[in-house]
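Hello,

Please find the structure below. My notes on it follow.

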2 protein chains.
Amino acid sequence: MLSEFDLIKQYFVRPTSGRATLGIGDDCALLTPSPGMQTAISSDMLVEGRHFFAGEDAQRLGHKSLAVNLSDLAAMGARPVAFTLALALPAAERAWLEGFSRGLFALADAHGCELIGGDTTKGPLNICITVFGEVAPGRALRRSAARPGDDIWVSGTLGDARLALAGYLGELTLPADAQAAAGTRMHTPTPRVALGVMLAERGLAHAAIDISDGLVGDLGHILEKSHAGATLNADALPAGPVLATQPLALRRAFTAAGGDDYEICFTAPAANREAILAAGAECGTPVTRIGRIEAKAGLRWTDADGAPLTLELSSFDHFTN
Amino acid sequence: MLSEFDLIKQYFVRPTSGRATLGIGDDCALLTPSPGMQTAISSDMLVEGRHFFAGEDAQRLGHKSLAVNLSDLAAMGARPVAFTLALALPAAERAWLEGFSRGLFALADAHGCELIGGDTTKGPLNICITVFGEVAPGRALRRSAARPGDDIWVSGTLGDARLALAGYLGELTLPADAQAAAGTRMHTPTPRVALGVMLAERGLAHAAIDISDGLVGDLGHILEKSHAGATLNADALPAGPVLATQPLALRRAFTAAGGDDYEICFTAPAANREAILAAGAECGTPVTRIGRIEAKAGLRWTDADGAPLTLELSSFDHFTN
């Protein structure tokens, strides 16, 4: 029987020592902040049957658990430094722990983000990661910083994760290869860390948010906090490669209010357009201009020709859905 | 129906602004570290049916969820600064949320520890708090720092929480008032923050750990990390006021390997005895000398007269219990 301490030692303690002065194995971890930098902190909890299906592949789950947290750092423009992992498991199964830790550390290593502590316990499967990043004072991309006249941008593509979910739920039927391709976006999202850090460090963007509950809902937080409104071009929203082959109404619905995208929506002065496109190219993350921040409250839509459009969409809420 | 955002706004966002540059309501919280200080970080996950009974009083649970984390800061000698809260709830019930947030914030306010962010989701009841404190470089009380010849100390009293559990589980029967008194220790532990901070800032102690899984198991971590052994005086272990009225064998068993005590066990040079007693008096936390660190590996016991004693005890493990 694998004990709690053996479990931690075998699957989560690693020989390499990173930024942490003191990592796993004491009452607290100790981090030494870089002089003059602020610490950005985000915490996400993933629950079986809610954020992922029961029986989800452990390696993908390890990736996604950290990815959704790194995505929050990306949306703030903060460089990842470290994270803690609290894990409730129904049982200590070696195959699951091996897969989970492999997926987790592959992504952590790619971002130089060190596991410095946490907790393990028996219980219904629940994964809670708290991530720490660094950002220079005044550089963080806040939800409240959008200004009328700003362009609205989105990274990467939208909607393939929602399309995959629709397939799994039987809302529609996709060919097997299309389902698999869309599923990759749902199971192993790519946090846009390099882009977010460039936007912040180069002072290119005003506000940003990561798109986890759907573009409309998440952009809505920027509008609310910035006391502003927006017009979006429904046909400019970049659909994922699988969604792009689907009918127009589905494309519009799932790009606008899909969820689980983990792209960044950000606003920026029109004067920065070239520099933003260059930053996207430099880090290999496409960026697309999708609309404009306006002083008038509310969200308005147009089609590709600028004609007004009515879209009925809603975002995801954990307690009313 | 209470939405996720209303829930956060009504029960967890507070008007007062504290240390955080940016608190709840963005992708990340932003903390500005005090210049030259290290950040101490600890994360604990509490699962219904595992760390507390189903149907546990929400206010007590709010207190305990933060208390166990503050206890980790105390054992490091770090001053509390802020925390994040990730919460999975079966449903968004107003009465529960009111009670939980009341218990949580009463303790948070008492320690100047600010809620800066987190997550809420639907799911089996699970509370994950990550706490942040500050400690000067070189001052943290590490598990690895015990030295042969050190006195071993414990704060407060031990065993009443375990005695309460025994009563709840029907392992024994206590008078109702005794059960209630012991239950208070189990449900609303007192983190020894002021004592831990004094020990660290005044350089009085070498190693420390908080006692959550039982003295023997937790002291064992100090011995392992410090490559040392110890002799403990079984009759010096300070029993809680309810346990103190119980038979000797039970007193020894529950003080030595009870669990859920959230006292601090620490080691210190004999030269600091007077200063340690003075620090305990100053912060209103009794401290008791219970044994000595030795170069020889292993844990040995004596009785009050110094005669060798054999105690068969075990500590708690989440995956083998």
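Ile41(A) stands opposite Ala29(B) in S1(B). This is a predicted model, in which local features need pLDDT of at least 70, side-chain atom pairs count only at pLDDT 80 or more, and totals for chains, interfaces and linings use all residues. Residues are numbered from 1 along each chain as its sequence is written, chains are lettered from A and ligands numbered from 1 in the order in which they are written, and side-chain values use heavy atoms, with hydrogens and water left out.

Strand S2 (residues 38-47) of chain A pairs with S1(B) in the antiparallel sense over 3 bridges. Strands are DSSP runs of E, at least two residues, and helices are runs of H or I, at least four, numbered from the N terminus; two strands pair if DSSP finds at least two bridges between them. The open sheet has 5 strands in the order S4(A)-S3(A)-S5(A)-S2(A)-S1(B), with mixed pairing. S4 (114-122) of chain A and S1 (29-31) of chain B stand at the edges with a single partner strand each, so one side of each has no neighbour in the sheet.

Chain A is divided into domain 1 (4-135) and domain 2 (143-309), with bounds from an automatic or database domain assignment. Across their interface the rule finds 2 salt bridges (a side-chain nitrogen of Lys or Arg within 4 Å of a carboxyl oxygen of Asp or Glu). Glu201(A) forms a salt bridge with Arg79(A), the closest N and O atoms being 3.0 Å apart. On the side of domain 1 of chain A that touches domain 2 of chain A, H2(A) gives the most, with 11 residues.

Regards
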